[in-house]
Amino acid sequence: MAEPIVYVVDDEPAIRDSLAMLLRSVGLRARTFAAAREFLAGYERGVPACLIADVRMPGMSGLELQETLRATDAALPVIIITGHGDIGMAVRAMKSGASDFIEKPFNEQVLLDAVHRALARQPPTAAVSASRAELEGRVTTLTSREREVMLLIAEGRPNKVVATRLGLSTRTVEVHRAKVMEKLQARSLADLVRMAIACELIQP
Amino acid sequence: MTAPSARPISTAASLVGREYAAPPLRIGRLVALSIAVALACFVSAQGALLLFPAGKGTAMLVPAAGIAVAALLLWGARLLPAIFVAHVLVDLSTGLPLGPALLSGVFATASLASVYFLLDQVVRIDRALSRIHDVVALAALGAGTLVLLNTVGRYAMLALAPDVPLPGAIPPDSAAALVAGVSVLLVAPPILTWHAPRREPLARSQRIEAACLAAVTVVIGVVIFWDYFMPMMGYAEMPYALFPLVFWAALRFGPRGVSWVVFAAAVMAVGFSSHGQGPFAARDPGEGVLALYLFLAVLATTGSLFAAVFSQRAEAGRLVRESEQQYRLLVESMNEGLVMHDSAGVMTYASERFCELTGYSRDELIGRIGRELAVPEEQAKWTERHRLRRQGSRESFELTLARKGGERLAVHVSPRPLLDAKGEYVGGFALVSDITERRRTEQALRESEEKYRVIVETQSDLVVKIGRDGRVAFVSPSYRRMFGRDESELLGQPLELELHEDDRKATAQAWSAVWESPHFASFENRAMTPQGWRWLAWTAHAVADDKAGSEPSSVIAVAHDVTARRRAEEQARQHLQQLAHVSRVSSMGEMASAIAHEINQPLTAIANYAYACLRLLRSGQSKQEEVLQAMQQVAAEAERAGEVMRKLRSFVRGGEGQLSAVEVSFLVAEVLRFAAPEARQSGIELLPAIAPALAPVLADSIQIQQVLLNLVRNAVEAINAGDSEVREVWIGAGRADGGHVEITVEDTGPGLAPDALEKVFEPFYTTKSEGIGIGLALSRSIVDAHGGRLWASAAPGRGARFHLTLPVVEERQSGNG
């Protein structure tokens, strides 16, 4: 079996370069591209691989790249990197089939786990790998208010918006949010989104 | 229709005698003329001998003397040789020996020369014989001198050489001595008057009359002097019947007519008498000739005198008429009316124009006193003026006339008193002109001038007029005030303003452009005045002084002091800059995610490099080179993050603060203005409550506005985040202890948890999902830098309250402890 390749597409050289170094430091092959179109033109098909793409890029954005790939090469798992305030976009990416998303700046372990999962074509996390019944059982432990908060958060709404929608203070929302993460055993927003999708609480 | 051309007024030359100049003659013509005159003398002498024989080879009439005098008077002394020759020849032809003939010729020629000298040089006789003076001269000096000289000559000859026969063989009696004189009286006038210039050719009726006169003369002459009629008319007094004919000729045909009638009468009288016919022949022969001569002399002289008198009268009358006509024309064509009056002011003449002015006809005016023409209130003035005129005053004056219809007419009167030889006032005349129009124009001009003077002198705009030569012709008082200069320093000098460097070029261009069409320029510049630089907005027009359409002769420039406007504009511009700045600050929230991204990038890169290095080092497989490179990248990215933060800081602070005295009410008002739209959108009311008479604070207005605006926006967002029904933000200001003013911003939002009251001022602490937590931290540092404080407290009930204190400029006012 050929050695898997991790493709990195980011317009920012420092991010590109540092990611490649990080990946190599754990013994992974990394190839970098400065733009989505360069990647589409140059990546090797049929080789085990995964793609890390920045959501914001000039020209074709990470989201567009992911959607293009879904139409042509559904086999390639995609990890979306987002910056501050791009949660809504990340959720959109998840719904349309991205395997994972990571917020900048990120913990190396989170990233490497995500890469390994993607390469192994495994469900993203153990938590999510739990059966749907188990997941639905966890969801039932939520109070109705927590459930409301969870649905809005899973759609990528900022706390403030959730607070306004529900007529709560932001701090109250934060409290509810923490409770939701705890009850569902989600380690990140991405986990939460995946669980919601898995339980068909939100439509992909 | 053209005005009658002024005919030259004849001089009185014909009354005082014309200078006579003999015509210039070429030598050939002189010779021909000499021969002709000599021939005429000779032939007439021979003819006379034949026609008027007086016995013993003499003639009763010697025309040669008359011809000679006439020829000399007409052509000058140049003819004396011819006259001498003719004389000698005549004498020789009568059988006189050569010697006596030459002697006689010399004597006769000398006599004629002296007569010519007397007539031409001494009395300057007029050849036309149109004056009494000339007739008398011809008779006395011409005929008289010849008679005298002949008489003296004859007696001298008799005494010296009794045996020598006398020329003409006339006995030395008185009659013989008269013959030459009579010849001058009878023959010279027809020749002279024939040559005199004719005024105009005779009309047909005059020619018929002349023919009648000639016929009657011949008939009467024949009747008087032919003895055929003697049985009927044989009286010695009959020759006097010729006098009426002479008077007729004198009256109707002047000197020329008289001379010819007399000549004709003389020819007949002498002719018949020399043949023994007529009344003169009936007498004793010697006495008869003398009587004939005397009669003819009287007839000629009387007729000529009569003609001269008539001629002179007619000429004088003609001149007077001509002159009068000229003056009348002059008077009637004058724009001024002319009125003449006697010593009492009674009008005796009024020109057509004067009649027009008064509206009265001439008949209505003449006989009235001028005073009655003045309007009642000015009649006293007329009387006073007339009194002055009596004393010789010519001073002109203005008067209002009452025209015939009662209409008033302003006139200008130029009086001329007339004084007689004794200096007595006999009346005078006055030139009167209509000055209504002039007065109206003057009045309009005065009013217009006054109006413009008031406008120009009272307005604050500067007015300056500059001539073609660039020199100042007028400056308004406002201009003089503005530049602190006297009129005398400015007028006639080039316009010199100290202009701001940046404005000089444009100003010079505008000044030169105004002379070109469309003769208008508008520009602004800064000029130095005693009060400093002032902004002036100029509008300049080039104008022609006299008429529209001609080339402009000066430029009138009006400047308005727009310093205040310019300053306001400048302030507004600065304010806009400030506003833009404030809005940059206020959009800090929206900028936050972009800024976070900027910071996220280097942080992410740093984290990646660091983790990679850690792994490499832990694994023990690290290549030093690789790690070093990574660490360099880490340092570079960390610097990049720092750079982003620095940029953010300077972006927010807007440079170094400028502390100045600022009114708190101004600060609050400005902030409310900026925040109002957003608050209104959210249905939130902003309620200021500023304590009166607050001392100004020492602050950088912009920075404090940023802080306040940030607080107000936070308040608005807090209310939006909460669900309070009361949606109000209270902005209060009042005195605080320690020489400070305290400004509070209080909202009706969810409020702050007690532990958050301090935390909100920590950097990157935020309760807003999109905030980055810089605003309040920055605000606190700004306020600290001002020597004030910024803190939060829980408002009574709900919501948060932020407090801001700032030091006042002056010592705290008394009364506040």
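A crossing of two helices is right-handed if the near helix is turned clockwise from the far one by less than a right angle. All views below show a predicted model.

**View 1. Helices H8 and H10 of chain B cross in the right-handed sense.** H8(B) covers residues 204-225, and H10(B) covers residues 242-274. Their axes come within 9 Å. The crossing angle is roughly 35°. By class, the contact of H8(B) with H10(B) holds 18 nonpolar, three polar and two charged residues.

**View 2. Chain B meets chain A.** On the chain B side, 27 residues are in contact with 25 residues of chain A. Two helices of chain B each give two or more residues to this side: H21 (588-619) and H22 (624-653). H21(B) gives the most, with 16 residues. Sorted by class, the side of chain B that touches chain A has twelve nonpolar, ten polar and five charged residues.

**View 3. The largest nonpolar core has 114 residues.** Four members touch the most other members: A:Ile79, A:Ile80, A:Leu192 and B:Val712. Helix H24 of chain B, residues 701-721, gives the most to this core, with eleven residues.

**View 4. The contacts of A:Ile79.** Residues up to four places away in sequence are not counted here. Among the residues that A:Ile79 touches are A:Cys50, A:Leu51 and A:Ile52. A:Ser99, A:Asp100, A:Phe101 and A:Ile102 also touch A:Ile79. So do A:Ala114, A:Val115 and A:Ala118.

**View 5. A:Gln185 has a positive phi.** Most residues other than glycine have a negative phi. Phi of A:Gln185 is near 60°. The residue sits in the loop between helix H10 (170-184) and helix H11 (189-198) of chain A. A:Gln185 is partly exposed, because 16 other C-beta atoms lie within 10 Å.

**View 6. B:Leu129 also has a positive phi.** Its value is about 55°, although the residue is not a glycine. B:Leu129 lies in the loop between helix H5 (98-122) and helix H6 (132-160) of chain B. B:Leu129 has 27 C-beta neighbours inside 10 Å, so it counts as buried. The cut-off for buried is 20 or more.

**View 7. Five strands of chain B form an open antiparallel sheet.** The order is S4-S3-S7-S6-S5. S4 (347-350) and S5 (397-402) of chain B stand at the edges. Each has a single partner strand, so one side of each is left without a neighbour in the sheet. From one strand to the next, the twist averages 30°.

**View 8. Strand S3 of chain B pairs with S4(B).** S3(B) spans residues 337-342. The pairing is antiparallel, over three bridges. B:Met340 stands opposite B:Tyr349 in S4(B).

**View 9. Chain B as a whole has 26 helices and 19 strands.** Of its 817 residues, 35% count as buried. Among contacts in chain B with a separation of 6 or more, residues 24 or more positions apart account for 63%.

Technical notes. Residues numbered from 1 in each chain as written. Chains lettered and ligands numbered in written order. Predicted model: local features only at pLDDT ≥ 70, side-chain atom pairs only at ≥ 80, totals over all residues. Axes fitted to C-alpha atoms, helices over the stretch in contact; angles between N-to-C directions. Helix = DSSP H or I, 4+ residues; strand = E, 2+ residues; numbered from the N terminus. Nonpolar A, V, L, I, M, F, W, Y, C, P; charged D, E, K, R; others polar. Contact = placed C-beta atoms within 7 Å. Core = buried A, V, L, I, M, F, W, Y, C linked by C-beta atoms within 7 Å. Buried ≥ 20, exposed ≤ 12 C-beta atoms within 10 Å, placed from the backbone. Pairing = 2+ DSSP bridges.
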